[in-house]
Amino acid sequence: MRAVKFHETGGSDVLRVEDVPTPTPGPDEVLVQVAAAGVNPVDTYSRRGNREPPAFPMTPGADLAGVVESVGANVTAFSEGDRVFGTGLGRTQQGTYAEYAVARPDQLARLPDGVSYAEGAAVALVGVTAWRALVDHANLDPAETCLIHGGSGGVGHVAVQIADAAGATVLATANEEYGRSLPNLGADVVLDYERDDLADAVVEAGRPDVILDHRLDEYLDFDAAVAAQGARLVGIGNTTAAAGFSDITAARRAELTVSLMSMFNTPDISAVLGRLARLLSAGLLAPEVSRTYDLDEAGAAQDAVLNDSVFGKLVITP
C-alpha cells in the first residue's frame, strides 16, 4: 500500500509517500481501507518534535473513514464491508494518511448511509472534541447560552451545530467572511472577533453559561469578563505554552469553572462517534469539507491546517 511516512522530525518536507506492506490486524483490531483522512493540527505534533512518536518511520493522522477490509479473530462489533469512521489514531499507533490503517474497535463507529467518507473523516476528531467539551465537561443545558470561539474552525463549526441541536442559544465568533455562513449552522448571534467592542457585544447578546475556548492564552481573561454567574469554560487549546488569568477577580466574581481537556482522553470514542452518527443521520450535523488533498500533498495539507484560515476541515483522500 501507499502511506505517508516521516523518518525524522522536521518541517513538512520530511513527509514522504512510500510503498509499504499492508498491515495485518491483530486479534483485537480492524483493518480499514481508508477512503478519507481528516487533517488536524495534532497530526503535526510528532512530526514537528512536540511529541515523541511511538515509532519511526511514522504515519501521521488521527481521523479516518472507509470500509472494513478485515477484522481480527476477537472482533465482533464490525464485519468486512462495513462503512466506518473513527479517530484517536496516530498517537500510540500508526496513523491514517495511508491506503489502509489498523484501528481498535473502540476507535470506530458505523458511518451512516448518505454521509460521504470525506464528511466522516472531517467530523470524527473535531466532533468527539466538541461533544466531550459541551456535553460531558460543560453539561450544556437547552435553556443556556453557549459562546463558541472560532465558530468557523474545525471544532468550532461542529460545536455550533451540536449546541444548536441541544437547544442552546448559540453565540459564535468568526471573521466577517466565514461568519456569514454560521447562522445556517445554527448560530443565533455571530460576532466578528476583530471588533474592538467584542466583550460588550457578547454581554449585550447574553452572558454565556458555557464557553468553548480554543485559544486560552488569548481569551481566558476575556472569558472571565463576559461569563454568566456559575459559567463553565472548557479549554481545548492554546497557541502558546503559557495561559493564565492576569486578573483573577473577574473569574472569582463569576465563580467560573474551568475544565481543560484532550480528545485523546475520551473513555469510549466509539460511543461518542455513535452519537455523532445519529446527528449526521438526522441532518442535525453536517461537517464542512473546505479542501481535499491526495497523499502526495500531505505536506501542503499540514502546512495549510497550521497556517491558513479555513472554514471547516481539510481532508486527505488516498
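Which backbone oxygen lies 2.7 Å from a polar atom of the side chain of threonine 44? Point 3 gives the reply. The model is predicted.

1. **Overall build.** The chain holds nine helices and 15 strands. Its radius of gyration is 20 Å, close to the 20 Å that the globule rule gives for 318 residues, so the chain is as compact as a globular protein of that length. Along the principal axes, the C-alpha atoms fill a box of roughly 60 × 40 × 30 Å.

2. **Burial, contacts and surface.** Of the 318 residues, 53% count as buried. Take the contacts between residues at least 6 apart in sequence: 69% of them join residues at least 24 apart. The accessible surface comes to about 13300 Å². Carbon and sulfur atoms account for 44% of that surface. As for charge, there are 22 positive and 44 negative side chains. The centres of these two sets lie 3 Å apart.

3. **Threonine 44.** The oxygen asked about belongs to the backbone of proline 41. Threonine 44 sits in the loop between strand E3 (30–39) and helix H1 (45–48). Leaving aside residues up to four places away in sequence, threonine 44 touches Gln302, Val305 and Leu306.

4. **A cis peptide bond.** Look next at the step from phenylalanine 56 to proline 57. The peptide bond there is cis. Its omega is near -5°. Proline 57 belongs to the loop between H1 and strand E4 (64–71).

5. **Asparagine 139.** This residue is not a glycine, yet its phi is positive, at about 50°. Asparagine 139 lies in the loop that runs between helix H2 (117–137) and strand E8 (145–148). With a relative accessible area of 57%, asparagine 139 is exposed, as the cut-off for exposed is over 50%.

6. **Glutamate 255.** Here is another backbone angle to check. Glutamate 255 has a phi near 50°, which is a positive value in a residue other than glycine. Where is glutamate 255 placed? Glutamate 255 is in the loop between helix H7 (248–253) and strand E13 (257–260). Its relative accessible area is 57%, so glutamate 255 counts as exposed.

Notes:
Residues numbered from 1 in each chain as written. Predicted model: local features only at pLDDT ≥ 70, side-chain atom pairs only at ≥ 80, totals over all residues. Heavy atoms only, no water. Helix = DSSP H or I, 4+ residues; strand = E, 2+ residues; numbered from the N terminus. Rg over C-alpha atoms; globule rule 2.2 N^0.38 Å. Buried < 20%, exposed > 50% of the residue type's maximum accessible area, 1.4 Å probe, protein only. Contact = heavy atoms within 4.5 Å. Areas by Shrake-Rupley, 256 points an atom, 1.4 Å probe, with all protein chains shown as cover. Lys, Arg positive; Asp, Glu negative; His and termini not counted. Charge placed at Lys NZ, Arg CZ, Asp CG, Glu CD. Polar contact = N/O pair within 3.5 Å; in protein donor to acceptor, adjacent residues only side chain to side chain.
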